[in-house]
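I am opening a notebook on a structure that is new to me. My plan is to look up a few features one after another and to write down what I find.

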Amino acid sequence: MSSLGAAFRLAWAGWILTREGVIAALPGDELYGLPRFGWRVARLLTRRRAIGRGRSERLAQAVARLGPSYVKLGQFLATRPDVVGNDIALDLALLQDRMRTFPQEQSIVAIEASLGRTIDDLYVRLGDPVAAASIAQVHWAEVAHSDSVSKVAVKVIRPGVRKAFFRDLESFFLAARLQERYIPYTRRLRPVEVTQTLAETTKIEMDLRLEAAALSELGENTKNDPGFRVPSVDWERTGRDVLTLEWVDGVKMSDIEGLRAAGHDLKLIAANLIQSFLRHTLRDGFFHADMHPGNLFVEDDGTIVAVDLGIAGRLDKKERRFLAEILYGFITRDYFRVAEVHFEAGYVPRHFNVAGFAQAIRAIGEPIHGQPAETISMARLLTLLFEVTEIFDMQTRPELVLLQKTMVVVEGVARTLDPAFNMWKTSEPVVSHWIKDNLGPRGMLADARDGANALLTLARQAPDLAARTERLSREIDLMAEHGLRFDPATANAIGKAEARHTRSGRVALWVIALTLVWIAVQLA
């Protein structure tokens, strides 16, 4: 019954997307066969009032009708241009996460239940909501201290949002499984894994303690950085459903005229923003992954304050080295080294030729060197790089795609502040400093120290490893003698799982087909 309900909800979502003209707005001229026929039918079923709208407006209208879960899905897919394409990702990035506010009484109930204290014990005053999104809304409030009262921001989870999201998540998983089964060329994008990532990231967003922890970590990383900070967390008034933060007084970075009126140097702010982002990415391996202008404030002294850390990105040392080396390789036109880095990192299958891959990299790099520095986009370079790697079967790397998406947004904000912004000149001090510290003699010493620590850890585990090796050897001997066997419970579970997936797929297709027939009858 759960699969049946998911299929009905999926069919309904498809109908809404069709009626609002989203399907018709896709580039169907490039399709052929049954998909092209479906696209033509979708054009006929589009509402008249949707025909005159642009694709972004159609998406916004459809998502508004489908509800908060689809707002979150659209925003998540905006971070995955490898899955939906760059044009669609840009449209999705324009989705405004603005929902109706819910009554203050419901916020009070959620706060008291989450913190186990009365609202009067927690706050001197809880004000009206100042913003509302798909997952939570924000109130202003006042907190009493021993000798003063301070203003704070209180973020509260939207009532019932978890239940609604996980109900719709069933439909998302069903669509992903159908895509993997019936559209083979998209399996490289791993749609089921992408949906699982959506489930995990949204589950994290719905626990405000984890956002508080991310803010705390980024705050520690940047405490000595010039011109950048995040608001402090009031842990006493933070729980799963409520997050209390320092109130930020500043001008939103989306308000260009307001920044000018406040006397800020826009070129300096743009440079500070890019250098801060690269510093967090390369130095710390932990970055704010939702740095659109609405989440960035500028204080009176020019300090950038980033809020809303529901989405964060992480890069381990290998990914950071990969990023630094490819950027440095493009700057020095060492395309063979850029290709080698891809192979060393294991991103491109070994059966491809390094020289052939270097040739494809050259096709990206050479046009860049003929342009003025201020017109070269680092984000565009990474986008082209990912497009080329598709030809060489490079598997999707979610952490790198999230980095590329964030870089597109941050670079776009910088160019809004300064149209003549020189990305390479601004980023060079941060990138070169990281390369000197991590790829030079100092970096080699650090790698040697890490290697020695790894060997020491391995030596300590040697007795346990020897015992495991002996057990594995005996099991392999038994397998060679008697063959590979499953116990009855395992074989039965495999059979049931396969039957369930096959049956659910057939049921979903029938439900969708019958729904479309019903819609056609209603329109007749």
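Entry: I began with strand 2 (residues 136–144) and strand 3 (residues 149–157), which pair in the antiparallel sense over nine bridges. Before going on I noted the terms: helices (H or I, at least four residues) and strands (E, at least two) are DSSP runs numbered from the N terminus, and two strands pair if DSSP finds at least two bridges between them. The model is a predicted one, in which local features need pLDDT of at least 70 and side-chain atom pairs count only at pLDDT 80 or more, while totals for chains, interfaces and linings use all residues. Residues are numbered from 1 along each chain as its sequence is written, and side-chain values use heavy atoms, with hydrogens and water left out.

Strand 2 is joined to strand 3 by a hairpin of four residues, and I found Val-138 bridged to Lys-155 in strand 3. Strand 3 is also joined to strand 5 (residues 242–246), by five bridges in the antiparallel sense, with Val-152 opposite Glu-246 in strand 5.

Entry: I then turned to four strands that form an open sheet in the order 4-9-8-6, with mixed pairing. Strand 4 (228–229) and strand 6 (251–252) stand at the edges with a single partner strand each, so one side of each has no neighbour in the sheet. Strand 4 runs parallel to strand 9 (residues 304–306), and two bridges join them; here Arg-229 stands opposite Val-305 in strand 9. Helix 14 (residues 266–284) packs on this sheet and touches strand 4, strand 8 (296–298) and strand 9, its direction making about 45 degrees with that of strand 9. Contact here means heavy atoms within 4.5 Å, and the angle, on a scale from 0 to 180 degrees, is taken between N-to-C directions of axes fitted to C-alpha atoms, for helices over the stretch in contact.

**Entry: aromatic pairs.** How many aromatic pairs does a search of the whole structure find? It finds four, where rings of Phe, Tyr and Trp (its six-membered ring) pair if their centres lie within 6.5 Å, with planes under 30 degrees apart counted as stacked, over 60 as edge-to-face and the rest as tilted. Among them is the pair of Phe-277 and Phe-287, which is edge-to-face because the ring centres are 5.7 Å apart and the planes stand at 80 degrees. Phe-277 lies in helix 14 and Phe-287 in strand 7 (residues 286–288), so the pair ties together parts ten residues apart in sequence. Both Phe-277 and Phe-287 are buried, a word I use for under 20% relative accessible area, against exposed for over 50% and partly exposed in between (1.4 Å probe, protein chains only).

**Entry: Thr-46.** I looked up Thr-46 in the loop between helix 2 (34–45) and helix 3 (48–51). Is Thr-46 buried or exposed? Its relative accessibility is 9%, so Thr-46 counts as buried. The side chain of Thr-46 reaches the backbone oxygen of Ala-42 at 2.8 Å, which I list as a polar contact (a pair of N or O atoms within 3.5 Å; within protein, one must be able to donate a hydrogen and the other to accept it, and residues adjacent in sequence count only if both atoms are side-chain atoms). Leaving aside residues up to four places away in sequence, Thr-46 touches Thr-18, Arg-19, Glu-20, Gly-21, Ala-24 and Ile-51.
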